[in-house]
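Subject: Structure for you to look at

Dear colleague,

Please find the structure below, handed over together with its sequence, and after it an account of what was found.

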Amino acid sequence: MRIIPKKVERIKFGLLSPEMIRKLAEVKIVTADTYDEDGYPIEGGLMDPRLGVVDPGLRCKTCGSRVGDCPGHFGRIELARPVIHVGYAKLINKILRSTCRECGRVLLPEEKIEEFREELKRARRIGKSDEPIVEELFKQARASKSCPHCGAEQKEIKFEKPTTFIEVVEGRQHRLSPIEVRERLERITDEDAEVMGFDVSVARPEWMVLTVLLVPPVTVRPSITLESGERSEDDLTHKLVDIIRINQRLEENMEAGAPQLIIEDLWELLQYHVTTYFNNEVAGVPPARHRSGRPLKTLAQRLKGKEGRFRSNLSGKRVNYSARTVISPDPNLSINEVGVPEIIARELTIPEIVTPMNIERLKKLVRNGPAKYPGANYVERPDGARLSLARVRDIDELLEKIEPGWKVHRHLIDGDIVLFNRQPSLHRMSIMAHEVKVLPYKTFRLNLCVCPPYNADFDGDEMNLHAIQSQEARAEARVLMRVQEQILSPRFGGPIIGGIHDHISGAYLLTLPGVRFTKEDAFHLLYASGIKKPLPEPEIVENGKEYYTGKQIFSLLLPEDLSLRYKAKVCRKCEVCREEECEYDAYVVIENGRLKCGIMDEKSFGAFAGVLLDRIVKDYGTDAAREFLDRVTKLVINFITWRGFSTGIDDEDLPEEAKERIAEILDDAERNVFELIRAYNDKILEQLPGRTLEETLEMRIMEVLSEARDKTGAIANEYLEREERRRRHENSARIMAVSGARGSLLNLTQMAACVGQQSVRGERIKRGYSGRTLPHFKVGDISARAKGFVRSSYKQGLSPLEFFFHNMGGREGLVDTAVRTSQSGYMQRRLINALQDLKVEYDHTVRDTRGVIVEFQHGEDGSDPSRTDWGKMVNVKNIVEKYARTEAE
Amino acid sequence: MCKGVVDVRRVVDISKHELVPKHEVMSEEEAKELLERLNITKGQLPKILKSDPMVQKIKAKPGDIIKITRKSPTAGTTIYYRVVVNE
């Protein structure tokens with residue numbers, strides 16, 4: 001199939017003229033009935049067979065095609081009286097006000113009109129919108145009291161939404177019927193229509209008042225047959241039935257010479273039905289309802305909004321060859337892999353072209369068919385015809401026919417490349433290419449290191465998987481989208497994929513000074529982790545027994561010539577760094593692939609922070625980095641499982657002494673607050689620059705209280721650490737916080753020592769009753785506890801009042817997140833819409849699809865941020881060190 | 001008392017302002033060379049209004065290409081080109 005590329009030069013929008021509608025329509029619809037007693041469609045009804053076919057097997061009475069081929073044909077309803085098209089009512093109003101009620105000319109002198117005509121021409125030539133010019137014309141013309149052309153006096157026209165126009169003649173209100181409106185619009189000359197923005201070749205003003213209604217083909221409004229054999233019509237059909245009914249009654253009454261009042265009522269009703277047929281959500285019009293009371297979904301509703309045709313069916317289509325299920329973790333998979341349940345692997349297929357090399361293998365798959373796992377679901381003949389293997393009776397006959405050139409749609413097998421996605425897809429790492437690993441059970445499985453880029457966890461998250469169908473797409477996905485190629489984030493030039501939670505605490509515990517293994521244990525651990533490397537000389541020999549340190553074991557994962565120094569996350573930021581001599585072992589030194597000193601923690605290979613991992617990706621490539629992460633995952637998880645790790649409420653236990661000191665600090669703080677309040681009352685409080693005295697007081701109080709909370713935190717941490725050292729009793733919660741695995745010291749403080757000040761909108765809590773937060777306090781009490789300072793720790797438990805304040809602060813947090821996500825989501829939608837087809841060209845310019853340049857050098861320096869050193873172009877220190885080392889050797 | 005409107009441009013040399021980058025009109029040959037290098041027509045360059053104060057200051061005419069040398073946080077200095085347009 002050859003595709004001839006065509007360029008859409010322009011799209012022209014216009015109105016349908018009555019003549020056009022009559023030409024377009026195959027059928028004049030005259031009766032409101034759809035089917036007769038036998039269930040056959042009635043000729044001249046809304047289901048007229050000439051409007052197209054929806055029932056399989058039948059042929060269209062107009063074009064003779066079958067279901068899929070007949071596009072459907074339009075019909076028409078001749079309206080007994082014209083009606084206003086709601087969508088144009090506003091424009092009609094503007095035109096009526098700007099044109100003469102007698103001669104139909106624009107209410108401006110000839111020269112003025114000419115001026116506008118010129119301006120419009122100019123705007124069109126440079127591709128500018130003509131809207132502001134036409135608006136200006138309406139504005140000026142509306143002001144005229146009499147016609148400059150025929151001299152007729154102009155009357156005020158009122159527009160009553162949605163479709164009524166009222167003219168005020170000598171103080172009396174006269175309702176303009178659509179007939180009158182249409183007559184006035186008809187009087188407008190083509191030249192005048194043009195200055196009002198019309199292209200008269202496709203849109204005359206009077207066409208905005210309908211005399212004939214176009215009836216969409218049945219294919220647009222198919223009826224569905226329920227199980228009971230009952231037919232259920234589309235909402236549009238229902239609406240059209242209403243229109244025809246009223247139209248008929250109106251016509252009959254007119255012919256019978258019914259009183260004007262009745263005719264006008266029916267006319268009004270017809271206007272209502274036509275209005276709601278176009279848009280059932282017009283302000284001021286009660287929506288037309290279904291028998292069940294549900295508002296009908298008419299034309300505008302089909303297109304509008306998130307569930308409308310554009311956003312739901314055109315911008316976002318559903319696709320084949322995709323699967324979705326719950327995700328769960330599996331540290332035994334590589335970061336590049338995804339575990340696919342067998343039932344899904346049997347459903348998703350990949351087309352493989354039969355060649356002499358693979359014919360035997362593919363025939364075996366075809367023989368297995370759709371039910372037996374590695375099998376196939378379809379075969380495709382060279383002419384493109386698809387045969388479903390589920391329906392083939394004689395498989396041997398089919399196998400005989402298969403030869404090179406055929407295609408076999410075989411099941412997913414291990415090693416296939418697929419795309420894996422988690423919504424919301426906020427950045428490019430939200431869709432990455434994985435290699436399939438077919439596994440039992442029913443969840444997708446993934447390595448924990450890829451949770452950060454997807455922002456996934458396992459509390460019920462679901463993810464989507466797409467089986468790639470073409471060889472080119474597969475190659476492209478493999479090269480550009482594979483997980484290992486995405487380790488470095490283009491956002492900050494560091495790894496976004498890396499260890500989390502147990503990886504970090506595991507590595508921390510493994511590389512702690514003093515951790516040692518007997519040869520046996522070391523082999524156990526390494527074997528379980530699949531590391532096949534010879535052990536180095538044992539570092540410790542004690543009583544004739546050999547021991548390996550945790551650092552030695554970890555070193556086995558490092559590239560042999562890697563040398564690196566950096567400060568770990570556990571670093572205390574001492575004034576003078578003692579480097580290798582660090583008492584906390586926070587200075588990491590790696591020399592020739594051996595971890596000499598320092599603890600592995602979040603700064604080593606954590607997602608968003610891993611310096612060591614960063615070095616490995618950038619110096620040794622993505623393959624090495626993938627291998628490193630896979631091995632670290634296994635080793636560290638095996639180690640932490642073997643060693644044991646758990647946390648409980650006793651991790652927040654503090655000795656009596658610590659509790660006393662904390663209470664003392666808090667008492668002091670509360671006293672200080674009272675001091676401040678007294679100073680304020682005595683008017684001796686020193687005012688801060690640019691603040692009122694009240695603001696100063698508030699700021700000082702906040703300062704005192706937050707300082708107090710920090711101090712209690714420091715004390716808590718001090719005791720937790722001291723206990724840990726003294727009793728060699730590990731405090732898991734503290735380990736997690738310090739190593740960066742999970743939680744922070746602030747979290748620990750709040751649990752063990754003091755929750756601290758609660759805030760709403762960044763201020764101490766002040767809402768509630770007038771002058772006080774709760775009736776438990778005196779009016780004007782601004783002490784710490786009256787304004788939401790929570791003295792207790794989570795472990796102690798909060799007093800009822802504290803709990804209440806805490807709840808207020810917590811609720812604000814929840815509301816904020818809810819608001820933020822929706823706002824940032826909308827912003828992202830608009831940004832993506834605006835930037836979607838910008839592209840960095842090979843010459844580093846950024847251009848859109850028209851070739852218009854946006855940037856002459858991408859990012860002004862032409863750099864790819866993911867290849868930079870955390871956003872900096874070069875890391876001079878690293879280069880110097882590397883050079884110094886090679887020099888020394 | 002202040003009477004009448006003073007055109008700031010007559011009092012202050014805006015090109016001397018710290019935040020105004022250097023604007024230069026490119027010569028015919030330079031412009032041609034630039035368009036050839038980028039393989040584009042003038043219409044594909046970013047635009048600048050002829051009413052822009054700096055355009056008026058350096059007396060550039062519609063169709064002229066202006067070379068703007070800016071300070072850049074990523075690259076030190078960076079060069080941008082804009083074509084003068086009528087509206």
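Helix 23 of chain A and helix 24 of chain A are roughly antiparallel to each other, because their axes cross at roughly 150°, and an angle over 145 degrees counts as roughly antiparallel. Please bear in mind throughout that this is a predicted model. Helix 23 covers residues 732-739 and helix 24 covers residues 745-752 of chain A, and the two axes come within 9 Å. On the side of helix 23 of chain A the contact is made by A:Ala733, A:Arg734 and A:Ala737, while helix 24 of chain A contributes A:Leu745, A:Asn747 and A:Leu748. Sorted by class, this contact has four nonpolar residues, one polar and one charged.

Helix 23 of chain A also meets helix 16 (residues 502-511) of chain A, and here the axes come within 9 Å and cross at roughly 100°. Helix 16 and helix 23 of chain A are therefore roughly perpendicular to each other, given that angles of 65 to 115 degrees are counted in that way. In this case A:Ile504, A:Ser505 and A:Tyr508 of helix 16 of chain A face A:Ile735, A:Met736 and A:Ser739 of helix 23 of chain A, and by class the contact holds four nonpolar and two polar residues, with no charged ones.

Turning to the strands, chain A has a barrel into which six strands close in the order 9-17-10-16-15-18, with mixed pairing, and the twist from one strand to the next averages 45°. Within chain A, strand 10 (residues 337-341) pairs with strand 17 (residues 444-446) in the antiparallel sense over two bridges, and A:Gly339 has A:Arg445, in strand 17 of chain A, as its bridge partner. Helix 15 (residues 471-481) of chain A lies across strand 15 (417-421) and strand 16 (431-439) of chain A, and its direction makes about 60° with strand 15 of chain A.

Chain A also has an open sheet of three strands, in the order 3-4-5 and with antiparallel pairing. Its edges are strand 3 (156-160) and strand 5 (172-176) of chain A, each of which pairs on one side only, and the twist averages 30° from one strand to the next. Strand 3 of chain A is joined by five bridges to strand 4 (residues 164-169) of chain A, the two running antiparallel, and A:Lys158 has A:Ile166 of strand 4 of chain A as its bridge partner.

Finally, the contact between the two chains takes eleven residues from chain A and 13 residues from chain B, and the side of chain A that touches chain B has four nonpolar, four polar and three charged residues. In chain B, helix 2 (residues 28-38) lies largely in the open, because one of its eleven residues is buried. This helix of chain B is followed by B:Asn39, whose phi is positive, near 55°.

With kind regards

Note on methods: Residues are numbered from 1 along each chain as its sequence is written. Chains are lettered from A and ligands numbered from 1 in the order in which they are written. This is a predicted model: local features need pLDDT of at least 70, side-chain atom pairs count only at pLDDT 80 or more; totals for chains, interfaces and linings use all residues. A residue is buried if 20 or more other C-beta atoms lie within 10 Å of its own, exposed if 12 or fewer, and partly exposed in between; C-beta atoms are placed from the backbone. Helices (H or I, at least four residues) and strands (E, at least two) are DSSP runs, numbered from the N terminus. Two residues are in contact if their C-beta atoms, placed from the backbone, lie within 7 Å. Ala, Val, Leu, Ile, Met, Phe, Trp, Tyr, Cys and Pro count as nonpolar, Asp, Glu, Lys and Arg as charged, and the others, Gly among them, as polar. Two strands pair if DSSP finds at least two bridges between them. Axes are lines fitted to C-alpha atoms, for helices over the stretch in contact, and angles run from 0 to 180 degrees between N-to-C directions. Angles under 35 degrees count as roughly parallel, over 145 as roughly antiparallel, 65 to 115 as roughly perpendicular and the rest as oblique.
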